[in-house]
Amino acid sequence: MLTSRAAILALVVCVIALSLAYPLREYVAQRAQIARLQEERARMEASVHELRSREEALSTDEYVEREARLRLHYQYPDETAYIVVRPEDEDEPGAEAGPGEPWFTALWRSVQEADDPAAGAAP
């Protein structure tokens with residue numbers, strides 16, 4: 001059936017195929033990793049660009065003043081600030097009427113209750 005030359009040729013072809021399989025698999029895996037890293041690099045560069053533009057915006061005095069006025073309700077000493085409360089905001093069922101006790105008061109009360117085990121146990 002098969003001559004010895006054909007058998008040797010088939011054996012050589014199999015050895016070459018097996019010796020190339022692992023490097024080829026590694027090559028494909030490395031190409032996939034390179035593609036993932038390039039995508040990650042592009043995302044990081046976009047993030048850096050966005051953060052640099054935000055840094056430039058934050059470094060201007062006009063932006064800082066505008067944010068202080070809007071978010072913190074700051075004003076100059078000779079100005080008068082007004083906060084307008086609309087009636088429809090007060091009528092909402094989930095809206096709070098005003099701040100309750102401060103957070104540190106509730107925290108201190110919980111520490112005192114935890115310190116006194118008799119007060120926590122109800123008969």
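**Exercise 1. State which residues form the nonpolar patch on the surface, and how much accessible area they have together.**

Solution. In this predicted model, local features need pLDDT of at least 70, side-chain atom pairs count only at pLDDT 80 or more, and totals for chains, interfaces and linings use all residues. Residues are numbered from 1 along each chain as its sequence is written, and side-chain values use heavy atoms, with hydrogens and water left out. The nonpolar patch consists of Trp103, Phe104, Leu107, Trp108 and Val111, which together have about 620 Å² of accessible area. Nonpolar side chains are joined into a patch within 5 Å, given over 30% relative accessible area and no salt bridge. Phe104 belongs to helix α4, residues 103–115, and Trp103 counts as exposed (over 50% relative accessible area, 1.4 Å probe) because its relative accessibility is 65%.

**Exercise 2. Classify the pair formed by the rings of Trp103 and Phe104.**

Solution. Rings pair if their centres lie within 6.5 Å, and planes under 30 degrees apart are stacked, over 60 edge-to-face, and the rest tilted. The count by this rule is one aromatic pair. The ring centres of Trp103 and Phe104 are 5.8 Å apart with planes at 80 degrees, so this pair is edge-to-face.

**Exercise 3. Determine which residues of helix α2 are buried, and where they lie around the axis.**

Solution. In α2 (residues 61–71), Tyr63, Glu67 and Ala68 are buried, that is, under 20% relative accessible area. These residues cover an arc of only 130 degrees around the axis, which places them on the same side of α2. The face turned away from that buried side carries the exposed residues Asp61 and Glu62. Just after α2, His73 adopts a positive phi of about 60 degrees.

Methods
Patch = residues over 30% accessible without salt bridge, like charges linked within 9 Å, V, L, I, M, F, W, Y side chains within 5 Å. Areas by Shrake-Rupley, 256 points an atom, 1.4 Å probe, with all protein chains shown as cover. Salt bridge = Lys/Arg side-chain N within 4 Å of Asp/Glu carboxyl O. Helix = DSSP H or I, 4+ residues; strand = E, 2+ residues; numbered from the N terminus. Arc of directions from axis to C-beta. Phe/Tyr/Trp six-rings, centres within 6.5 Å; stacked < 30°, edge-to-face > 60°.
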